[in-house]
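Please look over the sequence and the model before reading on.

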Amino acid sequence: MKIDGIDKIIIKTLVKDARTPVLSIAREVGISGAAIHQRLRKLEKSKLIEGYNMKLNPKVLGYTTTAFVGIFLDSVGEITSVIKQIKRIPEVVESHYTTGNYPIFIKILCKSNEHLLSLLQNNIQTIKGISRTETLISLNQQINRQISI
């Protein structure tokens with residue numbers, strides 16, 4: 001996918017604030033709003049832009065504990081059924097198939113350490129196919145950004 005300077009300005013502006021009006025971007029780059037819409041459709045069709053999302057602050061909703069859990073499996077053949085069960089846990093916000101010690105690495109948002117403990121003991125470690133878990137609690141997130149272009 002080849003992107004030019006105007007595309008970069010559009011993308012950088014929308015990554016910074018996805019609610020920026022198209023006409024505001026058009027004035028900044030000196031082309032029509034229709035041309036901006038056309039470029040956005042092209043970027044969406046190329047799959048460079050995957051979508052536009054609202055970002056909630058989990059702390060405001062009471063989710064003050066962020067944890068990462070490495071999941072060890074009885075066998076790699078169990079990954080599909082384990083992931084199916086993990087998807088049913090709403091506090092799991094990310095899941096990755098990884099190399100290294102554990103094939104599954106998940107991110108969990110919890111309301112407290114007690115909530116995390118309950119999720120681990122009652123929802124995650126009881127899943128058939130999981131042999132054990134390793135949990136890391138995030139003390140503070142210093143970087144949270146999109147990839148730059």
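Predicted model: local features only at pLDDT ≥ 70, side-chain atom pairs only at ≥ 80, totals over all residues.

Student: Which residues of helix α5 are buried?
Tutor: Helix α5 covers residues 113-124. Seen down the axis of α5, its buried residues fall within an arc of 135°, so they line one face of the helix. An α-helix has 3.6 residues a turn, so residues three or four places apart point the same way. The buried residues of α5 are H115, L116, L119, L120 and I124.

Student: Which strands do the buried residues of α5 pack against?
Tutor: The face of α5 turned away from its buried side carries the exposed residues E114 and N122. On the buried side, the packing partners are β1 (65-73), β3 (104-110) and β4 (130-138).

Student: Is T13 buried or exposed?
Tutor: T13 is found in helix α1, residues 5-16. Buried means under 20% relative accessible area. The relative accessibility of T13 is 17%, so T13 counts as buried.

Student: Which residue's backbone oxygen does the side chain of T13 reach?
Tutor: Leaving aside its neighbours within four places in sequence, T13 is in contact with T20, I25 and E28. The side chain of T13 also reaches a backbone oxygen at 2.7 Å, and that oxygen belongs to I9.

Student: The structure holds three aromatic pairs. Is the pair of F68 and F105 stacked or edge-to-face?
Tutor: Planes under 30 degrees apart count as stacked. The ring centres of F68 and F105 are 5.9 Å apart and the planes are at 10°, so the pair is stacked.

Student: How many residues apart in sequence are the parts that F68 and F105 tie together?
Tutor: F68 is partly exposed, with a relative accessible area of 26%, and F105 is partly exposed at 21%. F68 lies in strand β1 and F105 in strand β3, so the parts tied together are apart in sequence by 37 residues.

Student: Is the pair of F72 and Y102 stacked or edge-to-face?
Tutor: F72 counts as buried at 11% relative accessibility, and Y102 counts as buried at 16%. F72 lies in strand β1 and Y102 in the loop between β2 (92-97) and β3. The ring centres are 5.3 Å apart and the planes are at 85°, so the pair is edge-to-face.

Student: At what distance from the ring centre of F72 does R132 lie?
Tutor: Ring pairs link F72 into a cluster with F68, Y102 and F105. R132 lies over the face of F72, and its distance from the ring centre is 3.8 Å.

How values were computed. Residues numbered from 1 in each chain as written. Heavy atoms only, no water. Buried < 20%, exposed > 50% of the residue type's maximum accessible area, 1.4 Å probe, protein only. Helix = DSSP H or I, 4+ residues; strand = E, 2+ residues; numbered from the N terminus. Arc of directions from axis to C-beta. Contact = heavy atoms within 4.5 Å. Polar contact = N/O pair within 3.5 Å; in protein donor to acceptor, adjacent residues only side chain to side chain. Phe/Tyr/Trp six-rings, centres within 6.5 Å; stacked < 30°, edge-to-face > 60°. Lys NZ or Arg CZ within 6 Å of the ring centre and 35° of its normal.
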